[in-house]
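Let's take a walk through a protein structure together. Have the model open and be ready to zoom in and out.

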Amino acid sequence: MSAAHSIQQSTAMGASNAPRNLIDTCQHWLQRGVESLAAAVLVAEVVILMAGIVARSVLHSSLVWSDELASILFLWLAMLGAALAVQKNCHMRLTFFVSKLSPRAQVWTETLAIGVTLVMLALLLHPSMEYVEDQGFVETPALGWSGMVRALALPVGFAIALASCALRLLQHSKRDLISVAAVLAVIGGACYLAAPTLASMGQHSLPVFFLGMLGLGVMAGAPIAFSFAIATSAYLLCTTSTPLVIVVGRMDEGMSSLILLAVPMFVLLGQLVHATGLARVMVEFLASLVGHVRGGMSYVLLGAMLLVSGISGSKTADMAAVAPVLFPEMRKRGVQDSELISLLAASGAMSETIPPSLVLIAIASVTGISIAALFTAGILPAIVLALVLAVVAWWRAGSDHVETPRAPVKRVLQTLAIAFPALLLPFVIRTAVVEGVATATEVSTIGIAYSLIVGLIIYRGSLKWSMAMPILIQTAALSGAILFIVGAASAMGWALTQSGFSHDLASIMTHVPGGATGFLLVSIAAFIVLGSVLEGIPAIVLFAPLLFPVAHQLGIHEIHYAMVVILAMGLGVFAPPFGLCYYAACIIGQVPPEVALRRIWLYLGVLLLGLIAITFIPWISTCFL
């Protein structure tokens, strides 16, 4: 290579790096700004909720403005968190199909996914501004603020996410940008030209948008929430005269239920439980107690998932808390990697109904079922499935078990003493609800305060002040991703309801052969598939409002039906080849996905048998109500 050519190449590289560095700088400072603002709002939310609890329970007076201000900040937290999730690329998405493509094709589909997100945000940005103007006529009763203060969170969140998508796209090649723009333009043009025909088709046009367009978006790796929203917007634009400001309003309504305020609070609680070491000491106590018996460490894993799941509500966080503590010791005792991953994934599916599960909170928000009743009912079904899995674990441990000595009583008592403050946390949370100290929405705030006190005073070595900002950022991003998908699914559910689809679905499901029995079996099959493809919360939020009225018509107890569909959904979420949480278990356990594929089906099959038993013995779900 000649020197002149080298100089030319260096000059060209310098010219291309300058814009890239500028883009990186803009991305960095935009993300830092959103992170700081979201963290501040989250802290303010915790302080306001705690102040309300203290005023009511200790000072015997109420802060009439606290719920109002919490509601305003909640929408800001949801939208800032959703924008942060766009920046950090942590919105829920299906990557199974994309992962099978070549590296070059994966880069192109990533560009397409960002493009779909950008188009959706661009479509809803102006309607969100109109929505803010409409809310100007609303005044909050306690604070006397204009409704615009709260509603402004929507266009601000959309604008930040839009800018973030644009900056990310600028980092992709011009060739990919042009081809993706061409594909999206062709799809948009086809929708525009076919609009009269689609409108005349009535309900027959629904598959075009909610199977074709939505399915392609999800399979291409576009975030599920944005795929929901763009399919809904395209349907309304092409087949109705409904303005998109209605979509924005429905998203706001879906995200703004005060029940959902528990989502960021319990996510934060889960982060603190792991950061303070509470999860670790609980697991160590269980290991010393039953680790010596045949399959003992498997029982410890099951018990740990029950305990930790009841605190954090996040499956990935639960597995991340338990696996690193237990897997090294289980491997020493001869348990194979395939068995470890199978049991970890199955225990995640088993514990879906342990309160305060985020899925329980979501289903309460969209169906109007008492969240306290769901929390009460969810314990026994999970214990039944844990016992079923324990039998399989005992049988599977026969060939792999390595004899280990029983831990001395002194060691058991020592680990119990260390873990005792951590073991009290679930009882503190439940007692606060039962005694009326806090509502099911507020009680996580008590758990947060308890975890901080215990972490700072008792487990001082685990929690460091440097961990505060990452915990707040992670909580905001995860909460934003969850809440935004609830909002998008709510808008999509409204569109399906207005089209008459929900009425027709209810009619069809009501006449399923076998009456209530047939309906329950079809629901199990449907939610296993939906949970596998759409993950848990999107499937629940989208279809629960449609199917719960049918269950009620057939005489099925709503709490019992909730347990059935949540556990069926959990099976799908952890079932390969589509179940996202199965791959999360493999990543956490540092085991290739194909290693556990042969053995996991036994565990999932036994869980299915346990689910069928729960389905046809309603007492398991309703006995504590």
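Keep in mind that this is a predicted model. Let's start with E110, which counts as buried because its relative accessible area is 19%, and the cut-off for buried is under 20%. Its partner is R168: the two side chains form a salt bridge, 2.9 Å from N to O. E110 belongs to helix α4 and R168 to helix α6 (residues 153-169), so this pair ties together parts that sit 58 residues apart in sequence. R168 is buried too, at 13%.

Side chains of opposite charge can pair when their charged atoms come close. Searching the whole structure turns up six salt bridges. Another one links R104 and D176, with 2.6 Å between the closest N and O atoms. R104 is in helix α4 and D176 in helix α7, so parts 72 residues apart in sequence get tied together. Here R104 is partly exposed, at 39% relative accessibility, while D176 is buried at 2%.

Helices α4 (103-135), α7 (174-200), α8 (206-219) and α9 (224-239) each give two or more residues to its lining. The largest share, seven residues, comes from α7. What classes of residue make up the lining? There are 21 nonpolar, four polar and no charged residues.

Finally, find F327 in helix α14 (residues 315-332). F327 counts as buried, with 2% relative accessibility, and it touches L301, L340, I341, L344 and G589, leaving aside residues up to four places away in sequence.

Conventions: Residues are numbered from 1 along each chain as its sequence is written. This is a predicted model: local features need pLDDT of at least 70, side-chain atom pairs count only at pLDDT 80 or more; totals for chains, interfaces and linings use all residues. Side-chain values use heavy atoms; hydrogens and water are left out. Helices (H or I, at least four residues) and strands (E, at least two) are DSSP runs, numbered from the N terminus. Buried means under 20% relative accessible area, exposed over 50%, partly exposed in between (1.4 Å probe, protein chains only). Contact means heavy atoms within 4.5 Å. Ala, Val, Leu, Ile, Met, Phe, Trp, Tyr, Cys and Pro count as nonpolar, Asp, Glu, Lys and Arg as charged, and the others, Gly among them, as polar. A salt bridge is a side-chain nitrogen of Lys or Arg within 4 Å of a carboxyl oxygen of Asp or Glu.
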